Amino acid sequence: MNLLLDKIPIIPGIVCYDTAAPQEEGFDFTVHMYGKVELFGQTFGIGRTLVTTWFFMIVLTILALILRAGLKKYTDKPTGGQNVVEMIVEAMNDFTVSNMGEKYSYFGKWFFGIFSFILISNLSGLLGFRPPTADLCTTGAITVTTFFLIHFMGISKGKLGYFKGYIEPIPILLLINIISELATPISLSFRLFGNILGGMIIMTMIYSALGSIFQFFVPAFAHMYFDVFAGVLQTVIFCMLSQLFIKDKIPD
Amino acid sequence: MDNYSIDPKAFVLGCSAIGAGLAMIAGIGPGIGQGFAAGKGAEAVGRQPEARGTITQTMLLGCAVAESTGIYGLVVALILLFGNPFIGQL
């Protein structure tokens, strides 16, 4: 176990710790460590990811509270801002219903939170932040919740059928079935992480390669693809695959 | 004798760079797969132009899933280049 814990910082290498990364001028995409906090005998580093994550969490929470405070004024005939809010919520509900069915439409509320956080993280590259989703720790944490949700729903809805699913079609495949269950969160988190990290590194390289004047308008086209297109697409894919994996474990 | 010895750090760094390049061979697979998906998507739109929205959505989903193997290769290459785990073991 100790050996495994020693190896863990190596796996997300660029991610959790500042290692031997090149620190050239204008070519910097590591997680800076601003400081360290001692908590429960463990040392936690405070990096760019943590700061940006908390910033966007506060922004989203304040936005939600403002919208919640305005909820009393909403009428049956929507006007102004109510139109926009209803449209967004309905779009997410329709998305969930199309993937999971009418019966499990309550997952729309959970995935709305996931969706908005991942979307704002992916798009934060446009504002010059280091996207929090370009860190395996963030995507891994989100995926762990999905992993627990998959198996919680499987056990609570499927009962014994859930455990029977592991020895199908033949009992010899038990081990392979378990490995494929463990591969699900890994592939989910690495897909999002790799896409956003790759986009961010390419953007950093473009900025460092271009001269001072060209930095104003040339990278906009690359931003369109790597931040807006890939960011939105990966957000939709992440939520859609999570919903499909959860639905997969629930018997009809 | 000293003239022919290699600095171990330089050797590990060079091998890591080669490894990163080899890891990116993984990009071939998603390239073929996504091209295939796009071709089939174009065929489907040609046959059924009214279902264009659904076809594009399905194709993008398939492409993004097919991309993940290439992304694993990219992650391995990036770790080798920027977060080299082997340097620490010298």
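Reader: What does the secondary structure of chain A come to?

Author: Chain A has nine helices and two strands, where helices (H or I, at least four residues) and strands (E, at least two) are DSSP runs numbered from the N terminus. This is a predicted model, in which local features need pLDDT of at least 70, side-chain atom pairs count only at pLDDT 80 or more, and totals for chains, interfaces and linings use all residues. Residues are numbered from 1 along each chain as its sequence is written, chains are lettered from A and ligands numbered from 1 in the order in which they are written, and side-chain values use heavy atoms, leaving out hydrogens and water.

Reader: How do you know that strand 1 and strand 2 of chain A pair?

Author: Two strands pair if DSSP finds at least two bridges between them. Strand 1 (residues 33–39) and strand 2 (residues 42–47) of chain A are joined by six bridges and run antiparallel, so they meet that rule.

Reader: What makes A:Lys249 and A:Glu181 a salt bridge?

Author: The term asks for a side-chain nitrogen of Lys or Arg within 4 Å of a carboxyl oxygen of Asp or Glu. In this pair the closest N and O atoms are 3.0 Å apart, so the pair qualifies. A:Lys249 lies in helix 9 (residues 219–249) of chain A and A:Glu181 in helix 8 (residues 174–209), so the bridge ties together parts 68 residues apart in sequence.

Reader: Why is A:Glu181 called buried?

Author: Buried means under 20% relative accessible area, exposed over 50%, and partly exposed in between (1.4 Å probe, protein chains only). A:Glu181 has 15%, so it counts as buried.

Reader: What makes B:Glu43 and B:Arg47 a salt bridge, and how accessible is each residue?

Author: Their side chains meet at 3.8 Å, N to O, so this pair also passes the 4 Å limit. The two residues are four apart in helix 2 (residues 28–47) of chain B, which means that about one helical turn separates them. B:Glu43, at 43% relative accessibility, is partly exposed, whereas B:Arg47, at 64%, is exposed.
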